[in-house]
Amino acid sequence: MELGVCYYPEQWPQALWEKDALEMKNLGLSIVRIGEFAWSKLEPKEGVYQFEWLDRSIKILGDAGLKIILGTPSATPPSWVLHKFPDMLGYDMGGRPRKFGSRRHYCFSHQGYKELAAKMAEKLSKRYGSNPTIMAWQVDNEYGCHDTTRSYSPIAEKAFQKWLLQKYQSIEILNERWGNTFWSMEYSNFDEIALPMLTVTEANPIHRLDFHRFSSDQVVQWNKAQVTAIRHGSNLPIMHNYMGRITDFDHFQLGEDLDFATWDSYPLGFLEDRSDRSKAFKAQHQFCGDPDFQAFHHDLYRSVGRGRWAVMEQQPGPVNWAPYNPAPDPGVVKMWALEAKAHGAEFLAFFRWRQAPFAQEQMHTALKRADNEPAKAYDEIKELVKALDQIQKLHENENDVALVFDYESHWAWEVQPQGQDFNYFKLVFAYYCALRKLGVSLDIISADSTNIKKYKLVCLPGLFNISEALSRKIKSHQGQILFGPRSHTKTEDFKLNIDSVSKIFDKEIKLTQVQTFRKGTKKTFKDFGTFEIWTEELTLDGIPSEPILSLGNKSYLTGWPDEETLIKILSTTLSRAGISHKRLADNIRREGPWEFNYLEGKVSYENKNTK
Ligand code: GAL
């Protein structure tokens, strides 16, 4: 695993550039990512290009022996672009345009801006595509971040109508498949269909799900335009830096157009900003992060990148954007990096080289302070470089367990949670955490994954609809399969999938009722355990089923288990699948031959002790 850093030469006097480059190299870094927000310096006015400063910066970094990932700057369209396209802004759900003055202020459906961004990507690619210092491209920056996937703009509305026309071909078919006789919602023309916003009470769930599908497709198409443009000048690998817990576009689908997946890992920021953990858990882990959150995304993006992935941004100290911004304990930054290696990362880059003394992120730490002295993490990076040198060979482990993560299911249950605590990410993540507590390393796979055969256990909690193709694979699967709750309970058109569970098992099974609970309410079954949030009642041949219905190699869990119950169930299922496992202490996680001690920030390795 190589190490790198994110760098913004345009933010610093040129007199510093050479010293910076040499110091990066001396520290043991080999990769630098630059350029992803530099549009106003590259093209200050339309058609007036200024590439000389970038030429110089690339030369200096290259001369120091560093390789560059060059970003396309489309996440930050400068002010003149907005004057050119006043209708390019993304709109929020209340129908208000978002304003200039930060970043990601564009709507994915704006054709003119999409072409302009692609033109800039092509310019960069033609100018630098054969420069030996450039190793790869990063397209845009963190799609979906700051809630920007779904735009409720007039332009998005037109594009949505077009998308619906293509999908349904006729308005009669749309009315029928959407069930629009309900509440007299029938349309006579595609032009009449508005975006699902500002309705008096909830909009039709399929209207919303289709809007979520459309919004995801717009991101995929947007990305494709730049990939095509880059390919006019370069054959180098193309990547994107995904984020943590961004679920509103289908990363698997977008990833098919890229060579590599990368993501931005901010363990302490994420714990404060986007975690469902209890207050006590957060307090206990505030200086080391959630032991499973980073790992979950490493495994998810390994799959999105079809095996090739990296960390593009790694938090090295306190960030500026979470409600609270603690500092990692000594040893923790090194531990995060080694954990990424254990999951198979090809490189890890820190965000960022030097703390900016101005603008939005002036309180965000870096490897160097704003006064150019080494920041707290600096010495730990030196230790990390040594530790990485000592590790000669990584055992390649084939995982026996797969956990399905499906973006569309996330959208479906977001549209119809039925109880306010039902969240698909949270459900899948609970399975992930429980399996890791049992010492199991696993793969996260998409619902379209071509190969489930090799797994001894496949878990697919909450998968809203099981496709024909997956259903065939499930039927012939030899290993254990664990479903539920809510598996296959809807059709693709968001109708109730009557006899869903029967179809899974080929038996007369009826789903007779579901109910959801307020926080703190639980349903306990003797000799089994406890459900919270969600329960279902099933009957098999007319007889009420056990909380877990097991027939042959397939089991269906009829509720959302609490942590201890889930660990118990998974332990039994692992044993049934013939997978050896062992419950670990709460602060310990294993990944292959590695052991991570979260609360102490320590790592050990089976052959070499890297402490
Ligand atoms: C990331 C983003 C960076 C920077 C960083 C601060 O989400 O890609 O540009 O803003 O957060 O932590």
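**Entry 1: the β14–β15 hairpin**

I looked up the hairpin of β14 and β15, which has three residues between the strands; in its turn, Asp-527 has a positive phi of about 60°. I took strands as DSSP runs of E with at least two residues and helices as runs of H or I with at least four residues, both numbered from the N terminus. The model is predicted, so I note that local features need pLDDT of at least 70, that side-chain atom pairs count only at pLDDT 80 or more, and that totals for chains, interfaces and linings use all residues. Residues are numbered from 1 along each chain as its sequence is written, and side-chain values use heavy atoms, with hydrogens and water left out.

Strand β14 covers residues 522–525 and pairs with β15 in the antiparallel sense over four bridges; two strands pair if DSSP finds at least two bridges between them. Thr-524 has Thr-530 as its bridge partner in β15.

I then followed β15 itself, residues 529–540, and found nine of its 12 residues buried. Buried means under 20% relative accessible area, exposed over 50%, and partly exposed in between (1.4 Å probe, protein chains only).

Strand β13 (residues 509–516) runs antiparallel to β15 and is joined to it by seven bridges. Within this pair, I noted Leu-538 of β15 as the bridge partner of Leu-511.

Strand β19 (residues 559–561) is also antiparallel to β15, with three bridges between them. Here Phe-531 stands opposite Pro-561 of β19.

Strand β16 (residues 543–544) is joined to β15 by two bridges, again antiparallel. Leu-540 has Ile-543 as its bridge partner in β16. The strands β15 and β16 form a hairpin with two residues between them, and Asp-541 takes a positive phi near 50° there.

**Entry 2: the ligand and its surroundings**

Which side chains have a polar atom 2.6 Å, 2.7 Å or 3.0 Å from an oxygen atom of the ligand? An N or O atom in the side chain of His-364 lies at 2.6 Å, a polar side-chain atom of Trp-321 at 2.7 Å, and an N or O atom in the side chain of Asn-141 at 3.0 Å. The protein covers 98% of the 310 Å² of accessible area that the ligand has on its own; I note that the areas come from the Shrake-Rupley method with a 1.4 Å probe.

**Entry 3: strand β5**

I asked why strand β5 (residues 238–242) is largely enclosed by the rest of the structure. The reason is that five of its five residues are buried. Ile-238, His-240 and Tyr-242 lie on one side, Met-239 and Asn-241 on the other, and both faces are covered.

Strand β4 (residues 134–138) runs parallel to β5, and two bridges join them. Gln-138 stands opposite Met-239 of β5. Strand β6 (residues 260–265) pairs with β5 in the parallel sense over four bridges, and Met-239 stands opposite Phe-260 of β6.

I placed Tyr-455 in the loop between β10 (442–445) and β11 (457–460). Tyr-455 is buried, with a relative accessible area of 4%. Leaving aside neighbours within four places in sequence, its contacts (heavy atoms within 4.5 Å) include Asn-399, Asp-400, Val-401, Asp-443 and His-477. Its C-alpha atom is separated by 9.6 Å from that of Ile-481, 26 residues apart along the chain.

Gln-480 belongs to strand β12 (residues 480–483) and counts as buried at 8% relative accessibility. With neighbours within four places left aside, Gln-480 is in contact with Lys-456, Leu-457, Val-458, Asn-553, Thr-573, Arg-576 and Ala-577.

Ala-322 is found in the loop between β7 (309–314) and α13 (332–342). I recorded Ala-322 as buried, with a relative accessible area of 8%. Not counting residues up to four places away in sequence, Ala-322 touches Gly-269, Glu-272 and Asp-273. The C-alpha atoms of Ala-322 and Leu-268 are 8.5 Å apart, with 54 residues along the chain between these positions.

Conventions:
A polar contact is a pair of N or O atoms within 3.5 Å; within protein, one must be able to donate a hydrogen and the other to accept it, and residues adjacent in sequence count only if both atoms are side-chain atoms.
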